[in-house]
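Q: Could we go through this model together, starting with the fold and then turning to its voids?

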Amino acid sequence: MIEIKVINKGHQPLPEYATEQSAGMDLRANLEAPVELHPLQRRLIPTGLHIALPQGYEAQVRPRSGLALKRGITVLNSPGTIDADYRGEVGVVLVNLSDETFIVNDGERIAQMVIARCEQAVLKSVEVLDATERGEGGYGHTGVK
């Protein structure tokens with residue numbers, strides 16, 4: 001378990017894991033008034049949270065499965081990445097993929113945040129890549145089994 005420093009400039013409780021083995025913590029909307037999200041509309045929803053991740057980690061902002069299935073509400077840039085050196089407010093880009101207006105209320109659980117290790121890479125230009133069984137087979141190449 002790692003420790004993450006948080007400044008909560010909002011009025012919602014800090015995110016917590018719902019169960020002992022949950023991968024993500026629920027993020028809540030931090031709003032002064034409800035926000036209408038019309039069909040196919042997207043909005044940046046504030047959380048009031050500012051975090052300081054350790055170097056080598058990222059926070060991934062992902063949709064909540066219940067909102068996606070029941071209401072057609074998802075995170076547009078899923079997963080959204082919060083870099084270790086970002087200190088601004090954590091915001092969630094919600095999009096309404098349903099045909100009905102959705103109201104985002106203050107305190108509503110709108111997304112989940114997963115903390116993950118990440119590596120930086122150095123790209124090396126080469127003339128030839130190692131051969132594999134798959135080769136250049138792309139989308140749908142392995143077929144349906």
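**Fold, sheets and voids**

A: The secondary structure of the protein amounts to one helix and 10 strands, where helices (H or I, at least four residues) and strands (E, at least two) are DSSP runs numbered from the N terminus. The model is predicted, with local features needing pLDDT of at least 70 and side-chain atom pairs counting only at pLDDT 80 or more, while totals for chains, interfaces and linings use all residues. Residues are numbered from 1 along each chain as its sequence is written, and side-chain values use heavy atoms, with hydrogens and water left out.

Q: What pattern does the protein follow along the sequence?
A: The pattern reads β-β-β-β-β-α-β-β-β-β-β.

Q: And what radius of gyration does the protein have, against a compact globule of 145 residues?
A: The protein has 19 Å, whereas a compact globule of 145 residues would have a value near 15 Å. The radius is taken over C-alpha atoms, and the globule rule is 2.2 Å times the number of residues to the power 0.38. Along the principal axes, the C-alpha atoms fill a box of roughly 55 × 40 × 30 Å.

Q: What share of the residues counts as buried?
A: Of the 145 residues, 33% count as buried. Buried means under 20% relative accessible area, exposed over 50%, and partly exposed in between (1.4 Å probe, protein chains only).

Q: Why is strand S5 largely enclosed by the rest of the structure?
A: Five of the six residues of S5 (residues 57-62) are buried, so this strand is largely enclosed by the rest of the structure.

Q: Which strands does S5 pair with?
A: Six bridges join S5 to S10 in an antiparallel arrangement, and three bridges link S5 to S7, also antiparallel. Two strands count as paired if DSSP finds at least two bridges between them. Arg 62 has Gln 112 in S10 as its bridge partner, while Gln 60 stands opposite Thr 81 in S7.

Q: Moving on, in what order do the four strands of the open sheet come?
A: The order is S1-S4-S8-S6, with antiparallel pairing. Strand S1 (5-8) and strand S6 (73-75) are the edge strands, each pairing on one side only. On average, neighbouring strands of this sheet are turned by 40 degrees against each other, direction ignored. Axes here are lines fitted to C-alpha atoms, for helices over the stretch in contact, and angles run from 0 to 180 degrees between N-to-C directions.

Q: How many bridges join S1 to S4?
A: Four bridges join these antiparallel strands. Val 6, for example, has Ile 51 in S4 as its bridge partner.

Q: Now the voids. How many cavities of 30 Å³ or more does the structure hold?
A: The structure holds one, and the volume of the largest cavity is about 50 Å³. On a 1 Å grid over the protein atoms alone, a cavity is a set of points where a 1.4 Å probe fits but cannot get out, and a pocket is an open set with protein on both sides within 12 Å along at least five of seven lines; lining residues have an atom within 4 Å of a point. Grid points are joined across faces, edges and corners, and a volume is the space filled by probe spheres set on the points.

Q: Which strand gives the most to the lining of the largest cavity?
A: S2 gives the most, with three residues. Strand S2 (25-28) and strand S4 (42-52) each supply at least two residues of that lining.

Q: How large is the largest pocket, and which residues lie nearest its centre?
A: Its volume is about 390 Å³. The largest pocket is lined by 14 residues, of which Ile 2, Ile 4, Tyr 17, Met 25 and Ile 115 lie nearest the centre.
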